[in-house]
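Here's a quick look at a single protein chain, written for someone who likes to know the cut-offs.

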Amino acid sequence: MGKPLGPTGEFFRRRDEWRKHPMLTNQFRHALPGLGTALVAFGIYLVGEAAYNKIYAPSHSPSSSSHSH
């Protein structure tokens, strides 16, 4: 590997070990495990619905005979 850290390097390495604790790393990914999948699925749904509405949009002409009296 590299050269030895020495007493000062060891001191700082030990002081920074708490930053790699499992409770502190990737908190949001572990707290909400299905959020990414749900957002992707919802995005696909929104795109699909917009495409469907664009292709199969009902005509809004005022002369349509769908009035019921």
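## Fold, confidence and surface

The protein chain's secondary structure amounts to three helices and zero strands, where helices (H or I, at least four residues) and strands (E, at least two) are DSSP runs numbered from the N terminus. Read from that end, the order is α-α-α.

This is a predicted model, so local features need pLDDT of at least 70 and side-chain atom pairs count only at pLDDT 80 or more, while totals for chains, interfaces and linings use all residues. Residues are numbered from 1 along each chain as its sequence is written, and side-chain values use heavy atoms, leaving out hydrogens and water.

As for pLDDT (the predictor's confidence in each residue, from 0 to 100), the chain mean is 76, and 64% of residues reach 70 or more. Helix 2 (residues 27–31) has the lowest confidence and helix 3 the highest.

| Element | Mean pLDDT |
|---|---|
| Helix 2 | 67 |
| Helix 3 | 95 |

How much of the chain is buried? Buried residues account for 0% of the 69 residues; buried means under 20% relative accessible area, exposed over 50%, and partly exposed in between (1.4 Å probe, protein chains only).

Leu 35 sits in helix 3 (residues 35–55) and is partly exposed, at 43% relative accessible area. Tyr 56 is exposed, at 56%.
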